[in-house]
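Please consider the following model together with its sequence.

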Amino acid sequence: MRRILACLSILVVFATSAAAQGRAFVQIEAHPSLREAQERARAYGGLFPDVNGFGLGRGWYGLALGPYEATEAQARLRQLRDNGLIPRDSYLTDGAQYRDRFWPVGAGALQPVAPPDDAPVAGVPATPGGPVATETAAARTDIAPEPAPDETPRQARRSEALLTREERMELQRAMQWFGYYSAAIDGAYGRGTRTAMAAWQAGRGFDATGVLTTRQRARLLNDYAVGQAALGLGPLQVAQAGVALTAPLGLVEFDRLEAPFVHYNAKDGSGVEMSLISQAGDRAALGGLYEILQTLEVVPPEGPRAKSRDSFEITGVAPDRTTQVFAKLEDGHIVGYLLSWPEAQDNLAARALPEMQRTLASTGPALPADEGFEPSEQSFDMVSGLEVRKPKRSASGFFVDGSGTAVTAASTVEACARVTLDRLHDADVVLSQDGVAVLRPVARLAPVEVAALAPNAGRLRSAVSVGGFPYGGVLGAATLSFGTLQDVRGLDGSDDVLRLSLDSRDGDVGGPVLDAAGRVAGMLLPDPEDGARALPGDVTFAKKASALAGVLDAAGVEVAVEQAGFPIAPEDLTTRAVGMTVLVSCWE
């Protein structure tokens, strides 16, 4: 206790001496190797512009901030220490003990400050990151700093018990930042937290006790602050969009507002892009946004997805890029973010994302729906400035059972890495036979309408219609094209083909051919590949219902055959056709 009181007395006199000289430094750390001191100086340099590194003699190297005027130094020390940006045992010094300056590199020597005639006389050993007090100015450079004993585990537990819950949570966040902690940020120090503390201690060369001392806590929080500064992680509030969060502002810069997004481009070649989400809505709107975002080019289709009543999370993973999306509903306001980064930024993104999600909040009204709207720049292939992912090809198909099993033309799903129904639902090709492909959705669906097959081909010159997506989904819903049945055989006499007189497009291929009663008489086929002849534009072909039934039977799919059929009203026919027709997309 006497030794501690003596140290405190010396520090008071020493600080007074520094103030008398009109110039003072804030001594923050000392290290027994030049390499370690340089690394720490480089880290602090990302946070403070006035970091200096000096030799202390006998193989020790000190880091200091300054120089400042004496009153400024006192205020600076108090501010940084209260904010946890420097170790708690940082102190003021006049710099008389400093020798050659090694940081900043090439900065040259700093003119020494001569001690006053009444400099205190003491023989207290110095501590790394603590005071260096010596007998005289000349003797100061000859005394090797020796580390003062740190707290014992018992003392560390006592000091730890004085921490507030928020201070304990901040230590957990710091350990999470460096990859030591992955459990909940709750301020409760259980086995997971103790294990993380021991791992951090071992990684820094301390005894792995699992209980951080006051000095170690200061070191951890300082490293955390330095790391956040290097990332540019800081508070961001967009008043116009009513959204706020902690964001990696060192990696992105503002681009534009285009509802429901606030777009940020990569900064200084970081390759990182960010869009904030702000939209008025309810749970239905949140669900719709969840579906739409997965169609964007910036969100790769591979990766986990999770959705709850009031939030969702999407991770899109590609070989060269990863995108993380998070959104939540707060009192009628959907707020969220989309962060996309190249592989080289994986570590920085992993550190930024927990802070972004933790601090995301609604701070006001949502972004107006027409904010940033430019009529001349509209495009079907864009959603609020973000490009929609495009399939290799798209055509039509139709549902044949209540679980969402569908049929389409085999050519539509040939050589596809991925097949989707309505661009949202993944499907597997369970059978491809005789130009017909049977598709089964990965997740069970509930179609509005299901096909019922006609028992026969029907009468020649009777009216038929085809449900399809002639423009590959641009219109958003299936449309109906009308024509007539011309023959119950193909041009080569094939018995499983119908010949129709009907104007169609490539996007209609695979769609259902319906008779006047709304029964499926066949499936539209692609134009025959015959370079030797050109057919009239309205000549099309369809696979007969009887042939479709054979393929479905081979795939183990039971489909209804409707025997009695009576013509139905045109509007009912349209409803039935649109309800059973589905957009089939093939992706690379």
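In this predicted model, a search of the whole structure finds one disulfide. The disulfide joins Cys-416 to Cys-586, with an S to S distance of 1.9 Å. A disulfide is a covalent bond between the sulfur atoms of two cysteines. Cys-416 is placed in the loop between β19 (406–409) and β20 (418–421), whereas Cys-586 belongs to strand β29 (residues 581–587), so the pair ties together parts that are 170 residues apart in sequence. The torsion about the S-S bond of Cys-416 and Cys-586 is about -115 degrees, and the disulfide is therefore left-handed. Cys-586 has a relative accessible area of 0% and counts as buried because this value falls under 20%.

The residue numbers of the disulfide lead on to a contact between a charge and a ring. Arg-418 lies over the face of Trp-587, at 5.7 Å from the ring centre. A further arrangement of this kind involves Arg-204, which lies over the face of Phe-178 at 5.5 Å from the ring centre.

Contacts between rings come next. The structure holds ten aromatic pairs. One of them is formed by Phe-54 and Tyr-98, which are stacked, with 4.3 Å from centre to centre and 5 degrees between the planes. This pair links distant parts of the chain, 44 residues apart: Phe-54 is in strand β2 (residues 51–57), and Tyr-98 is in the loop between β4 (91–93) and β5 (101–103). Both Phe-54 and Tyr-98 are buried. Ring pairs also bring in Phe-25, which forms a cluster with Phe-54 and Tyr-98.

Strand β1 (residues 24–31) contains Gln-27. Is Gln-27 buried or exposed? Its relative accessible area is 0%, so Gln-27 is buried. The side chain of Gln-27 reaches the backbone oxygen of Glu-29 at 3.0 Å.

The largest nonpolar core has 41 residues, of which Met-274 and Leu-276 touch the most other members. Which residues does Met-274 contact, leaving aside its neighbours within four places in sequence? They are Leu-236, Ala-247, Pro-248, Val-252, Val-262, His-263, Tyr-264, Leu-338, Leu-339 and Met-356. Another core, of 27 residues, lies apart from the largest one, and its members include Val-438, Met-523, Leu-552 and Ala-577.

The backbone remains to be considered. Most residues other than glycine have a negative phi, and most peptide bonds are trans. Against this background, the peptide bond from Gly-66 to Pro-67 is cis, with omega near 5 degrees. Pro-67 is situated in strand β3 (residues 60–68). The peptide bond from Trp-103 to Pro-104 is also cis, with omega near 0 degrees, and Pro-104 lies in the loop between β5 and α4 (137–140).

Positive phi values are found at two aspartates. Asp-268, although not a glycine, has a positive phi of about 55 degrees. Asp-268 is located in the loop between β9 (261–266) and β10 (273–280), and its relative accessibility of 73% means that Asp-268 counts as exposed, because the value is over 50%. Asp-434, likewise a residue other than glycine, has a positive phi near 55 degrees. Asp-434 lies in the loop between β21 (425–433) and β22 (436–441). With a relative accessible area of 54%, Asp-434 is exposed.

How values were computed: Residues are numbered from 1 along each chain as its sequence is written. This is a predicted model: local features need pLDDT of at least 70, side-chain atom pairs count only at pLDDT 80 or more; totals for chains, interfaces and linings use all residues. Side-chain values use heavy atoms; hydrogens and water are left out. Helices (H or I, at least four residues) and strands (E, at least two) are DSSP runs, numbered from the N terminus. Buried means under 20% relative accessible area, exposed over 50%, partly exposed in between (1.4 Å probe, protein chains only). A polar contact is a pair of N or O atoms within 3.5 Å; within protein, one must be able to donate a hydrogen and the other to accept it, and residues adjacent in sequence count only if both atoms are side-chain atoms. Rings of Phe, Tyr and Trp (its six-membered ring) pair if their centres lie within 6.5 Å; planes under 30 degrees apart count as stacked, over 60 as edge-to-face and the rest as tilted. A charge sits over a ring if NZ of Lys or CZ of Arg is within 6 Å of the ring centre and within 35 degrees of the ring normal. A nonpolar core is a set of buried Ala, Val, Leu, Ile, Met, Phe, Trp, Tyr and Cys residues joined through side-chain atoms within 4.5 Å. Contact means heavy atoms within 4.5 Å. A disulfide is a pair of cysteine sulfur atoms within 2.5 Å.
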